[in-house]
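I opened a new notebook page for this structure today. Here is what I looked up, in the order in which I went through it.

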Amino acid sequence: MAKEQQFVKNIADINEDFPQWYTDVVIKTELVDYGPVKGTMVIRPYGYAIWETIQTELNKRFKALGVKNAYFPMLIPESYLKREAEHVEGFAPEVALVTHAGGEKLAENLVIRPTSETIICEMYSKWLQSYRDLPIIINQWANVMRWEKTTRPFLRTSEFLWQEGHTVHATEDEARAEALAMLDCYEKFMNEVLAIPVFTGIKTEKEKFAGAVETYGLEAMMLDGKSLQAGTSHYLGQNFAKAFDMQFLDKDNTHKYAYSTSWGVSTRMIGAVVMAHGDQRGLSLPPAVAPIQVIVIPVAQFKEGVMENAQKLTEKLVGMGVRAELDARDASPGWKFNEWEMKGCPVRIEIGPRDIEAGKCVVSRRDNFEKFDLPLNELEKIPELLSTIQKNMLEKSRKIRDGKVVSAKTLKGIFDGVEGRNFVKAPWCGCRECEEKIKNDTAASARVITKDNAEGEVCAVCGKKAKHIVLFARAY
RNA sequence: CGAGGUGUAGCGCAGUUUGGUAGCGCGCUUGGUUCGGGACCAAGAGGUCGUGGGUUCAAGUCCCGUCACCUCGACCA
């Protein structure tokens, strides 16, 4: 038994193999396969189904915030990228360049978008004339390409799927508020749907987006104590407005540069879910993102009446709005149990001859492995159970996270070894030298600047007066 | 780009030291018995040993080159 479970390392005692555990799980659960080009991944149907639930949930939330979806081209003239100085400096090293097309060398090279600020701003500048045209609040679901040196499925790949929102506003206040509203939207989404608690805050100068005035980040803690930047929201000020001539005629009949924001989350969130909830048996998906929330497994399916009853049961659940499926494949029940546990399906229902006789089924939870009988006329308890599991998973993650957050006056030795995989809140003077020293000495980086009061504190590195309390952690 | 490692059946690997008929496990196909936690028996199918060159009567194995991928470091959603 359990021959194929060997791949799953025991992550209860977190060890250096955790990243390998992650990759193994992602591949074995048929979320992705390696693509033919280095650093690319083929997202398989099961993995894509998770992405689709994420899209559906986010679109719902976006709509409530007045966001409209649109689509912009994948190829961007190289000159666009060069218009904003910081932006080009930040992205130039990792863009893929198209130099030939139609059998000829192009007059101007095209970059495959690493992000779409430039081309979208170019279009916005054409559309924008009056203050009445503002705000523009558009999102696009797209693929982008960044030629990363080392990659890991979902967490960092050359090509990835994401949504990028790009907004333009008449005033600084409105733009800042928009960036924060989206940050809040993401935080709620991660809590309520992914069941991953996050820390939010402003990024340091060193870590912020190339071309932004301010970057807000969402940092999620993985089970091994490392941090994952799960999403960002940028206040871009007038940087891009000036680079792309996004001007409008205001009420006072003068031309003004607009203020813009951008914000995005990617397929990395799937990686976050894997790493935040996974265990020795593989994935564990919160019901809200699980493509299949309830898997119905017939036992002794060849016997008369079993498949019919299983089918009926599945249909009833679907009728209640539950994403339920019947696993009718020709395989033993034990094999199916293990596979669906590995794939993280939150609830399993077994139904066999004995159950049918007794008018019940057996319900099993993925989050805590509880198993119980449920009379077939009480199926309405399943949706309830799903929301219980959802809450339970968030709580569990929050407890684990809070147990790994420490406050410190100095960072010496605090990140040493495996035991040192912590989220550390420490005071910081605000200078770049100290930030870089921390990174060099501890391999940990400043994740976000917290809202905590730094009055009376001194920098954990240089001992000078502290400006901020910063959350430090090692990151993926 | 720096360091290390691996390329042999769909997947995971052995075989390389000491050159001599291409192997194992899983998976796959067929038939039968099974089915409440990864079933069993039997019979099968499946390989230009990453690639180019060299040495040799003979190369998966030795020599030189080359390519690809993986892991760890500097960047990112």
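I began with a pair of strands: A96 stands opposite I112 in β6. My model is a predicted one, where local features need pLDDT of at least 70 and side-chain atom pairs count only at pLDDT 80 or more, while totals for chains, interfaces and linings use all residues. Residues are numbered from 1 along each chain as its sequence is written, and chains are lettered from A and ligands numbered from 1 in the order in which they are written.

**Around β6.** I noted that strands (E, at least two residues) and helices (H or I, at least four) are DSSP runs, numbered from the N terminus. Two strands pair if DSSP finds at least two bridges between them. Strand β5 (residues 96–101) runs antiparallel to β6, joined to it by 5 bridges. Their hairpin has 2 residues between the strands, and G102 takes a positive phi near 60° there. I then found that β6 (residues 104–112) also pairs with β4 (residues 75–77), antiparallel over 3 bridges. On that side, L75 is the residue opposite I112.

**The mixed sheet.** Next I traced an open sheet of 5 strands, in the order β16-β15-β17-β18-β19, with mixed pairing. Its edge strands, each pairing on one side only, are β16 (324–326) and β19 (371–375). From one strand to the next the twist averages 25°; axes are lines fitted to C-alpha atoms, for helices over the stretch in contact, and angles run from 0 to 180 degrees between N-to-C directions. Within this sheet I looked at β15 (residues 294–298) and β17 (residues 347–351), which are parallel over 5 bridges. I295 faces R348 across that pair. Helix α12 (residues 381–402) packs on the sheet, touching β15, β17, β18 and β19, and its direction makes about 145° with that of β17. Contact here puts the C-beta atoms, placed from the backbone, within 7 Å.

**The RNA.** Which residues are closest to RNA strand B? I found K38, K149, G334, G352 and R354, out of 50 residues that surround it. A residue is near the strand if its C-beta atom, placed from the backbone, lies within 6 Å of it. Elements giving two or more residues to this surface include α1 (18–28), β11 (227–237) and α10 (333–342). The largest share, 8 residues, comes from α10.

**One loop residue.** Last, I visited K412, in the loop between β20 (405–407) and β21 (423–428). K412 and T442 are 30 residues apart in sequence and 8.3 Å apart in space, C-alpha to C-alpha.

Terms used:
Two residues are in contact if their C-beta atoms, placed from the backbone, lie within 7 Å.
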